[in-house]
Amino acid sequence: MTIDLSDFEDGRKYEGDYAADLLALQERLARIQVAHIVHGRSAIIAIEGWDASGKGGAISRLTSPWDPRWFEVWPIGAPTEEERVRHFLWRFWKRLPGKGEINIFDRTWYGRVLVERVEGFCSEAEWKRAYDEINEFEAQQKDNGVTLIKLFMHVTQDEQDKRLKERLEDPWKRWKTGAEDYRNRARRADYLKAYHDMFARTDTRWAPWSVIDGNNKKAARIAALTTIADTLERNVAMKPLVADPELVKLAEAALGQQIRFQSEGRDPE
């Protein structure tokens, strides 16, 4: 069945201990990143959603426990002139993760069937053709052993309006909003149609969409990070690196004391 965004508008308050549960999730995500590094697994986390739906907040909490040498966040805006004259997927091929890396896309290749479609930045033939091109691109990532996670952060019009107003009123958050937010807001019906078609055409068995009810920020962050952790964990061996006996001998000789190993359940430092 096609995903219906109206099914993700409860905005229920998070009932658990948010601070403790978030910390536990971040500790789990730290171990997951280590597993990707030591086992050479790669992953892509693609995040779409409305303006002010909580994408940035989720990304910052996702990456805060990670070693920055092994992940990249790509904020995707309008293509440059160099990118515009090439196939729309060219700029994303250049940003794919290497061995052991996890790359996060804050907006994605779905711009072709969303903003470019709605705002008329490409032809109808181009955005209609893009569904198959995107599905093939994502299938290629899976076939290459890359874990692909696609999240959509959803908020109602009322909640979005509340957050846009808060951003404008707060001098330290004002930079996060601009005229484009209000131009997009005015075409919400057009974007809802584009989202409906996007889900219908690209919610595939090899790259399914996960929709996050973003109407309560804390609940949304826990839901988003849990979805990411569950999916990443299913696709990597959660076993730490075995200590090299020669390195242990070298360390014991240098330190003048015996190395005592922690249990596998301990968090990486």
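This is a predicted model: local features need pLDDT of at least 70, side-chain atom pairs count only at pLDDT 80 or more; totals for chains, interfaces and linings use all residues.

Me: OK, helices then. At what angle do α1 and α10 cross?
Reply: The axes of α1 (residues 18–39) and α10 (residues 217–234) cross at roughly 25°, coming within 10 Å. Angles under 35 degrees count as roughly parallel, so that is what α1 and α10 are to each other.

Me: And is the crossing of α1 and α10 left-handed or right-handed?
Reply: Left-handed for α1 and α10.

Me: Which residues do the touching there?
Reply: From α1 you have Tyr-18, Asp-21, Leu-22, Leu-25, Arg-28, Leu-29, Ile-32 and His-36. On the α10 side, the residues they meet include Lys-218, Arg-221, Ile-222, Leu-225, Ile-228 and Leu-232. By type, the contact of α1 with α10 splits into ten nonpolar, six charged and two polar residues.

Me: How far does α10 reach from end to end?
Reply: From first C-alpha to last, α10 spans 26 Å with its 18 residues, close to the 26 Å expected at 1.5 Å a residue.

Me: Which of its residues are buried?
Reply: In α10 the buried ones are Ala-219, Ala-220, Arg-221, Ile-222, Ala-224, Leu-225, Ile-228, Ala-229, Thr-231 and Leu-232.

Me: What covers the buried residues of α10?
Reply: The cover includes helices α1 and α2 (55–63), plus strands β1 (42–49), β3 (102–106), β4 (146–154) and β5 (209–213).

Me: What does Ile-104 touch?
Reply: Leaving out residues up to four places away in sequence, Ile-104 touches Ile-45, Ile-47, Ile-59, Leu-62, Thr-63, Trp-66, Phe-71, Glu-72, Val-73 and Trp-74. Take Ile-45: it is 59 residues from Ile-104 in sequence, but their C-alpha atoms are 4.7 Å apart.

Me: What about Arg-112, buried or exposed?
Reply: Arg-112 is buried, with a relative accessible area of 13%. You'll find Arg-112 in the loop between β3 and α5 (115–118). Not counting residues up to four places away in sequence, Arg-112 touches Phe-88, Arg-117, Cys-122, Glu-126, Trp-127 and Ala-130.

Me: Now the backbone. Which way does phi go for most residues other than glycine, negative or positive?
Reply: Most residues other than glycine have a negative phi. Ala-52, though, has a positive phi, near 65°. Ala-52 lies in the loop between β1 and α2, and it is buried at 6% relative accessible area.

Me: What's phi for Arg-107?
Reply: Near 75°, again a positive value in a residue other than glycine. Arg-107 is in the loop between β3 and α5.

Me: And how accessible is Arg-107?
Reply: Arg-107 is partly exposed, with a relative accessible area of 25%.

Notes: Residues are numbered from 1 along each chain as its sequence is written. Side-chain values use heavy atoms; hydrogens and water are left out. Axes are lines fitted to C-alpha atoms, for helices over the stretch in contact, and angles run from 0 to 180 degrees between N-to-C directions. Helices (H or I, at least four residues) and strands (E, at least two) are DSSP runs, numbered from the N terminus. Angles under 35 degrees count as roughly parallel, over 145 as roughly antiparallel, 65 to 115 as roughly perpendicular and the rest as oblique. A crossing is left-handed if the near helix is turned anticlockwise from the far one by less than a right angle, and right-handed if clockwise. Contact means heavy atoms within 4.5 Å. Ala, Val, Leu, Ile, Met, Phe, Trp, Tyr, Cys and Pro count as nonpolar, Asp, Glu, Lys and Arg as charged, and the others, Gly among them, as polar. The expected span of a helix is 1.5 Å times one less than its number of residues. Buried means under 20% relative accessible area, exposed over 50%, partly exposed in between (1.4 Å probe, protein chains only).
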